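Subject: Structure handover

Hello,

Here is the structure for your files. Please open it alongside this note.

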Amino acid sequence: MDFNVKKLASDAGVFFSRAMQFTEEKLGQAEKTELDAHFENLLARADSTKNWTEKILRQTEVLLQPNPSARVEEFLYEKLDRKVPSRVTNGELLAQYMTEAANDFGPGTPYGKTLIKVGETQRRLGAAERDFIHSASINFLTPLRNFLEGDWRTITKERRILQNRRLDLDACKARLKKAKAAEAKAAAVPDFQETRPRNYVLSASASAAEHELRLTQTEFDRQAEVTRLLLEGISSTHVNHLRCLHEFVESQTNYYAQCYQYMLDLQKQLGSSKGEIFSGTFVGNAESTSPPPAAASPPAVAAATLPAVPTIPVVPTIVGVPNTVAESVLNPNEVKPPASGTRKARVLYDYEAADSTELALLADEMITVYSLPGMDPDWLIGERGNQKGKVPVTYLELLS
């Protein structure tokens, strides 16, 4: 291999000169050419754009793909210029599990039918998520990556060249300053015959330094103009990113609108969005439009949430003589609330009274509840104004 020794020596000299200039600037032993305020503002704006673009890009990737290992895999495929393999979304995987479970439990059972309906909705949600991720990747992530991997690399390269041109310029200024100082010092010496050759050499050295300074100043100014034009292009980058941001928001809006519509359709199919599971048992038909009748609830519910009421002695039943305690339990409209032990409760679901001993309820209303001795622990006495009746515990949220 042929080597250009002169070029290598010249490059080594330039590198050494720049290193010396940079070191002396850091030590405060050399002057540094400062850029104008407008140029510095452009540099600061470009750096800020780059930093925030990187952060927004990374966090958007996390939003679209929360799994870090999946993100690393996609990054590797992208760097290898290979197509990223298709990956099922979480919603589609959940839909698959629900469908398989329904087939196992029996697609004709209420639970199986509901699993199939919910699974189909989850599949549609997963497909909508896939479309959103694809749209966001093309319309938002790709322009951000293109800026960081394209325009910003060009700006960084030109800024590095500008930095070298500035170091060369300041080094030339330092050499010219030294040559001028040496020439002035020699001129102060008496003009004897032996000093003339040295004065001539010093003068020639100063002239060469001036010529070199003019060349480096021209190169610096040209590079500064190129870099300035690239930095001013950041404004166009902002406009482009703004347009991409609008497209991202539009695709995200469409995605959430689709999800909302899918869930509304599912809610209509199931008849209600309220929970229909009590005591671990699926109650009623999935198409029912009202909550199921109160199911058995653990006896600990009422005991743990309501203070105990003093026990009323049980009077033996005598034929022909009414039992007042039993009648008071069976006829809640005639009982009186205890002196202590009442609590407020919020109604969770609408409830239609089955007979005159029960109290009809409306969702989200507030009522007063208490327990009576001998009552089924799944029921409480509820009061709303002058109305009174039995209410199921499972329809209530007991408040402190």
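Below is what was found in it.

This is a predicted model: local features need pLDDT of at least 70, side-chain atom pairs count only at pLDDT 80 or more, and totals for chains, interfaces and linings use all residues. Residues are numbered from 1 along each chain as its sequence is written, and side-chain values use heavy atoms, without hydrogens or water.

Overall picture. The protein has 9 helices and 7 strands (DSSP runs, numbered from the N terminus: H or I of at least four residues for helices, E of at least two for strands). Of its 400 residues, 31% are buried (buried is under 20% relative accessible area, exposed over 50%, partly exposed in between; 1.4 Å probe, protein chains only). Take contacts between residues at least 6 apart in sequence: 67% join residues at least 24 apart. A contact means heavy atoms within 4.5 Å.

Cysteines. The whole structure was searched for disulfides, and 0 were found (the test is a pair of cysteine sulfur atoms within 2.5 Å). Cys172 is buried, at 1% relative accessible area. Cys259 also counts as buried, at 14%.

Surface. The protein exposes about 25400 Å², with 58% supplied by carbon and sulfur atoms. Areas come from the Shrake-Rupley method with a 1.4 Å probe; for residues, only the protein chains shown count as cover.

One spot to look at is in helix α3 (residues 68-79), where Val72 is found. Val72 is partly exposed, with a relative accessible area of 49%.

Best wishes
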